[in-house]
Amino acid sequence: MTRRGWMTVAVMALLAILPPVFYLTGNPFYLDLATRLSILGIAAVSLNLILGYGGLVSFGHAAFVGLGAYAVGIPAHHWLYGGMDFLATTSGLVQIPLAVAVCALFALVTGAVCLRTKGVYFIMITMAFAQMIYYLIVSIEEYGGDDGLVIDTRSELPFVNLDNPLQLFGFSYVALLVAMGLVRMITRSRFGMVLKGAKGNEERMVTLGFNVYAYRLTAYVISGAMCGFAGALLGNFTTFISPEMMDWSRSGELMFMVILGGAATTLGPILGSIAFIVVEEILSSFTIYWHLPFGLMLMAVVLYARGGLVGLLRGRGEDAE
């Protein structure tokens with residue numbers, strides 16, 4: 001196994017072992033932190049597929065997180081309070097696939113439009129679509145509007161009790177491993193090679209006969225669906241959802257995680273998620289203006305560690321793939 005392989009195994013092993021140990025020794029806070037980290041890690045891994053490997057800078061990825069969370073909260077709301085009987089359920093076997101399907105459809109429709117643009121125009125139009133969903137949810141008073149919606153009952157899954165903190169963490173952690181493995185498999189396939197080739201030289205890939213638009217749209221749909229799954233887990237974790245989850249600033253946070261950890265690497269989004277959440281917890285305990293020192297730290301990483309934290313740990317600023 002290569003050095004970067006051992007690094008990935010070590011980080012993921014620590015993430016699997018330490019939180020349950022803290023929980024069993026009377027420190028549940030760290031288990032909650034690790035659960036949140038695992039869920040946001042899935043979202044960051046999904047963004048890395050199109051940002052790191054595809055070169056598509058999406059500023060609206062948080063919309064998928066929010067849609068995934070509402071796909072859990074809305075059916076649970078109707079199950080408790082009535083209305084829309086065809087949708088009312090607390091079954092995770094319905095809610096989670098619904099979250100994935102809704103986000104995949106949203107990614108397909110919006111991606112078909114967004115990918116007709118490039119550069120800053122792509123960034124702006126992805127953010128515009130996300131803000132449209134944000135204001136749509138704000139306007140629906142039945143689901144709490146701007147105040148948000150409480151999820152009174154978590155998703156019910158066979159063999160997994162999401163009300164149990166250890167099982168919720170375990171489910172989220174395994175889902176993170178699956179997401180990492182899926183993205184790694186995709187990027188090492190012929191599909192992934194075309195995606196990375198289009199990032200480097202789109203004109204050459206078109207000349208070779210590849211439909212770059214179709215490849216990018218497929219990657220965008222996969223990324224959106226995966227991010228929707230993370231949103232469904234986040235809704236179950238927080239038991240409270242609000243339009244704020246899909247604000248453009250949340251998309252920026254996901255981008256920070258990918259860039260900070262190391263774009264186009266397997267471990268990068270995880271390291272970025274760990275760094276972001278840990279630094280946020282530490283700095284926010286000192287000041288409400290924690291974004292300023294965090295932004296300076298991000299600038300330092302971008303300037304002096306070209307490969308992000310992964311490149312820094314490896315001793316040189318290059319991709320870990």
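Q: How are axes and angles defined for a pair of helices?
A: Axes are lines fitted to C-alpha atoms, for helices over the stretch in contact, and angles run from 0 to 180 degrees between N-to-C directions. Helices (H or I, at least four residues) and strands (E, at least two) are DSSP runs, numbered from the N terminus. The model is predicted: local features need pLDDT of at least 70, side-chain atom pairs count only at pLDDT 80 or more, and totals for chains, interfaces and linings use all residues. Residues are numbered from 1 along each chain as its sequence is written, and side-chain values use heavy atoms, with hydrogens and water left out.

Q: At what angle do helix 11 and helix 12 pack?
A: Helix 11 (residues 268–284) and helix 12 (residues 291–304) pack at about 145 degrees, and their axes are 10 Å apart. Phe276, Val279 and Leu283 of helix 11 make the contact with Pro293, Phe294 and Met297 of helix 12; contact means heavy atoms within 4.5 Å.

Q: Where is Thr153 found, and what does Thr153 touch?
A: Thr153 is in the loop between strand 1 (149–150) and helix 6 (165–187). Its relative accessible area is 19%, so Thr153 is buried. Not counting residues up to four places away in sequence, Thr153 touches Ala76, Trp79, Leu80 and Thr90.

Note on methods
Buried < 20%, exposed > 50% of the residue type's maximum accessible area, 1.4 Å probe, protein only.
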